[in-house]
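This report covers one chain, from a single residue up to the overall fold. Sequence and coordinates come first.

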Amino acid sequence: MTIVLSTPTADGVSEAIAALREWQHDEAPMQLHPGDIGWNYRLGTAETAAVVRTWSRDGRILAVGMRDSPTLVRMTVAPDAFQDEVLARRLFEDFSLPERGVLPVGAVSIEAPQGLLLHDLLTKEGWGVDEPWTPLFRDLVKTVENPGVCIEEIGLEQAQDFADVLRSAFNPTRPTREYRHKMSAAPFYTDARCLGAYDDHGNPAAVVTVWSTGPGKPGLVEPMGVHADHRGRGYGRAITVAGAAALREMGSSSVRVCTPSSNVGGVATYKAAGFVARPEIADRIRKV
């Protein structure tokens with residue numbers, strides 16, 4: 001059967017997310033998660049649909065990708081298709097040929113889970129590896145400890161708190177209160193929670209958004225940030241613990257996150273919150 005590459009409509013993104021939800025399990029390698037697409041909804045519904053790609057055969061979605069930037073695609077495939085040679089060759093072609101509309105000419109990157117046959121093809125054709133990232137996982141079988149600070153759910157009314165912390169933590173201009181409003185349009189936002197840690201004066205110190213994929217499946221932390229005025233006081237650990245507790249209440253069996261290995265402070269924060277680091281991974285890169 002022919003493999004079909006598609007860019008879904010805004011409504012069709014739900015099918016891609018449904019496939020991703022089905023593919024998540026605790027023993028899976030770090031891979032594209034429905035929460036990654038959910039977080040992208042902060043940029044808008046139409047904007048998110050425009051960066052999603054699906055590869056299907058005989059009506060079944062076998063692979064899902066998302067352009068996280070003009071030169072980076074994050075993707076994964078169905079568990080039973082990791083070694084599918086026809087799919088691997090089609091993915092390689094679509095990533096290599098700019099006219100297919102996945103990646104442009106020049107230097108580009110692919111985030112793909114370990115174990116894909118695709119990696120063998122990329123290596124054979126001279127693709128290299130980028131800087132290492134550290135995947136971190138926490139099991140949620142046992143009750144999660146008390147975070148030790150004031151935690152509140154961040155609804156639409158607290159959207160400015162969400163924006164203020166993210167802007168301080170990551171970018172001085174981009175995050176706005178609209179991020180929180182637009183995220184609520186994600187097809188499965190009912191399975192997500194946005195939480196804030198507040199200091200003794202009621203000021204927002206840290207925020208986290210967590211994404212569940214249903215009972216018995218791993219959830220995702222994306223994003224977590226601490227306001228610059230509150231760094232070094234344990235708020236990163238506390239808000240991450242609170243996020244883990246929220247996911248456990250929603251039935252998640254574990255929680256995962258991935259951060260650049262160079263982000264030593266971030267890795268330490270997640271470890272302090274009970275996460276265990278797994279072997280480093282890296283994006284595949286095609287240089288100019």
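Is alanine 163 buried or exposed? The model is predicted, and in it alanine 163 has a relative accessibility of 1%. Buried means under 20% relative accessible area. Alanine 163 therefore counts as buried.

## Alanine 163 and its contacts

Alanine 163 is part of helix α6, which covers residues 159–169. With neighbours within four places in sequence left aside, the contacts of alanine 163 are Pro175, Thr176 and Arg177. Tyrosine 179 is 16 residues away from alanine 163 along the chain, and the C-alpha atoms of the two are separated by 7.3 Å.

## Helix α6

Alanine 163 is one of the buried residues of α6; the others are Ala159, Asp161, Phe162, Val165 and Leu166.

What do the buried residues of α6 pack against? Two of the elements are helices, α2 (34–40) and α7 (177–183). The strands are β8 (192–198), β9 (204–211) and β10 (218–226).

## Leucine 103

Leucine 103 is found between α4 (85–96) and β5 (108–111). Its relative accessible area is 2%, so leucine 103 is buried.

Leaving aside neighbours within four places in sequence, leucine 103 is in contact with Pro70, Thr71, Leu72 and Val73, with Phe95, Leu97 and Pro98, and with Val108, Ser109 and Ile110. For one of these, leucine 72, the C-alpha to C-alpha distance from leucine 103 is 7.4 Å, at a sequence separation of 31 residues.

## The chain as a whole

The secondary structure of the chain consists of nine helices and 13 strands. A compact globule of 288 residues would have a radius of gyration near 19 Å, and the chain agrees because its own value is 19 Å. Along the principal axes, the C-alpha atoms fill a box of roughly 60 × 40 × 35 Å.

Of the 288 residues, 53% are buried. Among contacts with a separation of 6 or more, 73% join residues 24 or more positions apart.

Terms used
Residues numbered from 1 in each chain as written. Predicted model: local features only at pLDDT ≥ 70, side-chain atom pairs only at ≥ 80, totals over all residues. Heavy atoms only, no water. Helix = DSSP H or I, 4+ residues; strand = E, 2+ residues; numbered from the N terminus. Rg over C-alpha atoms; globule rule 2.2 N^0.38 Å. Buried < 20%, exposed > 50% of the residue type's maximum accessible area, 1.4 Å probe, protein only. Contact = heavy atoms within 4.5 Å.
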